[in-house]
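Biologist: I am new to this structure. Please take one part, look at it closely, and then tell me what lies around it.

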Amino acid sequence: MISLDSRIPSGPVEQKWSKAKFDLKLVNPANKRKYKVIVVGSGLAGGAAAATLAELGYDVACFCFQDSPRRAHSIAAQGGINAAKNYQNDGDSIHRLFYDTVKGGDFRAREANVHRLAEVSVDIIDQCAAMGVPFAREYGGTLANRSFGGAQVSRTFYARGQTGQQLLLGVYAALSRQIGSGKVKMFPRTEMLDVVVDNGRAVGIVARDLVTGEIKSHSAHAVILATGGYGNVFYLSTNAKGCNVTATYRAHKKGAGFANPCFTQIHPTCIPVSGDFQSKLTLMSESLRNDGRVWVPKTKADIGKRPSEIAADSRDYYLERKYPSFGNLSPRDIASRAAKEQCDDGRGVGPGGRGVYLDFADAIKRDGENTIREKYGNLFEMYERITGENPYRVPMRIYPAVHYTMGGLWVDYNLQSSIPGLFCLGEANFSDHGANRLGASALMQGLADGYFIINYTLGNYLAGLNAQKDLVDAKGAAFSDVESSVKTKLDKLLGIGGKRSVDSFHKELGNIMWENCGMARSKDSLEHALQVIPKLREQFWSDVSVLGGKDTFNQSLEKAGRVADFLEFGELMCKDALVREESCGGHFRVEHQTPDGEAKRDDEKFCHAAVWEYVEGSEPVRHVEPLVFENVKLATRSYK
Amino acid sequence: MSDLLDLTLHVWRQPNPKTPGKLVTYKVQGVSTHASFLEMLDILNEQLNAKGEEPVAFDHDCREGICGTCSLMINGRPHGGQRATTTCQLHMRVFRNNDEIWIEPWRAAAFPVIKDLCVDRTAFDRVIAAGGFITANAGSAPDANDVLVPKESADRAMDAAACIGCGACVAACPNGSAMLFVAAKLAHLHHLPQGQSEKEHRTKSMVGVMDAAGFGNCSNHYECEAACPKQIPRDVMALTNRDYAKAAFIHRDRETKSDGAG
């Protein structure tokens, strides 16, 4: 039975983090170098954690499957990063960012964690500016801001349409400094394949060198997973091709609780699918909704006409109509569902009728093409490269796509999973975004966890360990057992010798997930998915074809292992979605909606995080962590 | 509307760094013009897999032109030669039916081939680790608006910071020089006030590691600028040459002096 003590400090919410920082035990500066820490993942959360812990003096090893830590998928975030600086003098505060995030998450996140996130948000901007992140500036040299969905203040800091890239390159620079000075040992092109648990404590990992194929054990006093989200369970998503659930799912199988796996975010503004060859979907930043207006034709008769032929009064600017106070900047879950609604109504545009217009004509008329180019030029170019259409002349066509996963490994206030010594940061954990994440908050959370939280909370754990006695020998039985099970699984994958490619299974799973556990879910659809996924998994293990060897660079083998995990994890998602008989944020159960089609929460029954425990050979067990709202009153979310 | 292409591909196959590679010819048929170049390779790999042949290894990840993982010399040009476009963003609508396409890995001494089309670019990471950063431990920063950065400087820093570290500049250069990559990072940091205090050491250190990593010298062909998918301007290299000359005069290697405290 897993323990779900959230370890939330006592006292008023605005004093909890200060209290925790004083109460958490410290490791003496001279002793820090005696503690080994493994960080898996080199994105904003993992890279920042590795760099920061090395700055403090810990002995750090960092792993990533990419060829360089600079490639982590944080790099693809476009629009910006939130912080409660109130530089715009427009009424922002830590409390307002806290409030917006709790409300934006549809009251399914922990208040204490969210408040801490809002508090450290201001430090993040200072830190990034000092490290040379080239944020956008006003002519006077101060920092510029813009607005994002779900907020009525301008608190988003940005670096053109490449904010994630610039923040990640800042993290990479800090990490590189530690690598150069020998404080971090970096393992690129190395994939964690299992976590090693000994006497109830995480003591290291088993990883595969993706170039040589060598399986190797790595021992440490603590293991930090910062391995991102699981959106690729849908095959088509805005995630990078390599993004996967393997690290967190395998940790889950070793005893880490998995919280709210059904909470996935569908981003409203992505380039629509263009054919069955499609390998990924590309996001068009939410920041575009600052100036772009979303519409579809009012009547089906106008479908098929060129947008310029449809008069203004024949257009339905449905977000402005339905949500007048937030308009085009309504939160992501709401904007996505609204787009689906229009297309389901037969008023979608483009091939297959799965698209809506994002139109810049009014903004170009108002501000001039140059201003729009300066703000979004790279995004417009990207759109044109992919679609062959010029968005300065014709409106963009967009459609929702899977983008982010709010669920993740359950962690306590100290970001420790239900396995002592195993910590989880960034998108990989479940803690801060509830059932829906607001735009520009993923970057904030990754950096908060990595730069300003784990440095305190990890020390508290390590202070309770003996540096010598509590380092488990990587050549001992605890590791060799895991090594052999990892090798057996790889051999099994290579030995099936079936006919179907790994990708064909992944596509089929993705389609099942999208149709049955996507933007709208029902009892029927979820039960159907739970019928067909185990069959597909069985077929995978009898008919997949993985060519090449294991002692060599083998991309098919890498993919096969990840898809095998998705085939189990997808089932867990559907189970979670089936039990949660309510609609909240990105989780929309068609049985639970208001008369005008909005999500209908059930706070009586579901005001909790659902935490799944893996049980070998049997059904997973669902535990709950009740959520208590003392500062933000539970209310129906309204953006009208 | 979508048209379908039949193509002849000549793809570099090399099982490992020690075995010599060769170009192997494949046919792919019915490729949509809306597909990306990498999706066309996915189609090829599905075909190969179905025939029991090992798929072609190629590096890729984000497929939206920002992570810098994808590479490929396509018909002799890095990323295929379309202006400001990475291979993953190159779409098949720029090709014609019955085209022949030659696909090779980056060719540079400092980027050894790992397998097929994948190369080892860790030399870039070593260059950055030598000085491509501003020393600012987490927690030590002043308020972000305490240091004003003129918009012009921030914009020029951003122009240079847009580099994705893909290595096209090295692959395009007849000398295999990494000058554009190194100068882009130096220019990013040196356009900002925060980057000034370590300027000389940074310049010497990064250029030193670049030379030691086996990259060639820059002889001003500017092929790098033409190939760069992020259009890093060549004037960053002029800035670096100036900074390097200055650093050579005024910078002496760091000595650690104890302040005798305690």
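Modeller: Two strands count as paired if DSSP finds at least two bridges between them. Helices (H or I, at least four residues) and strands (E, at least two) are DSSP runs, numbered from the N terminus. This is a predicted model, in which local features need pLDDT of at least 70 and side-chain atom pairs count only at pLDDT 80 or more, while totals for chains, interfaces and linings use all residues. Residues are numbered from 1 along each chain as its sequence is written, and chains are lettered from A and ligands numbered from 1 in the order in which they are written.

The part to look at is strand E14 of chain A, which runs over residues 356–359. E14(A) pairs with strand E15 (residues 396–405) of chain A in the antiparallel sense, over three bridges.

The partner pairing with E5(A) is strand E2 (residues 59–63) of chain A, in the parallel sense over four bridges. Within E5(A), Phe187(A) stands opposite Phe63(A).

Helix H4 (residues 94–104) and helix H5 (residues 111–130) of chain A have axes (lines fitted to C-alpha atoms, for helices over the stretch in contact) that come within 8 Å and cross at roughly 135°, on a scale from 0 to 180 degrees between N-to-C directions. H4(A) brings Ile94(A), Leu97(A), Phe98(A), Thr101(A) and Val102(A) to the contact, and the residues from H5(A) include Val114(A), Leu117(A) and Ala118(A). By class, this contact has seven nonpolar, three polar and two charged residues (Ala, Val, Leu, Ile, Met, Phe, Trp, Tyr, Cys and Pro count as nonpolar, Asp, Glu, Lys and Arg as charged, and the others, Gly among them, as polar).

Leu97(A), placed in H4(A), has 28 other C-beta atoms within 10 Å and is therefore buried. Two residues are in contact if their C-beta atoms, placed from the backbone, lie within 7 Å. Apart from neighbours within four places in sequence, Leu97(A) is in contact with Asn82(A), Ala84(A), Asp92(A), Ala118(A), Ser121(A) and Arg155(A). The C-alpha atom of Gly213(A), 116 residues away along the chain, is 46 Å from that of Leu97(A).

Another packed pair is helix H3 (residues 44–56) and helix H6 (residues 163–180) of chain A, at an angle of about 35° and with axes 9 Å apart. Among the residues that meet there are Leu44(A), Ala48(A) and Ala51(A) in H3(A) and Leu168(A), Val171(A) and Tyr172(A) in H6(A). This contact has 11 nonpolar, two polar and one charged residues.

Chain A also touches chain B, with 67 residues taken from each chain. Among the elements of chain B that give two or more residues to its side are helix H1 (37–50) and strand E6 (113–115). H1(B) supplies the largest share of that side, six residues. The side of chain B that touches chain A has 31 nonpolar, 22 polar and 14 charged residues.

Chain B has eight helices and seven strands, and 51% of its 262 residues count as buried. One of its helices, H4 (residues 168–172), holds Cys169(B), which counts as buried because 29 C-beta neighbours lie inside 10 Å. Cys224(B) is 55 residues from Cys169(B) along the chain, and their C-alpha atoms are separated by 4.1 Å.

Notes. A residue is buried if 20 or more other C-beta atoms lie within 10 Å of its own, exposed if 12 or fewer, and partly exposed in between; C-beta atoms are placed from the backbone.
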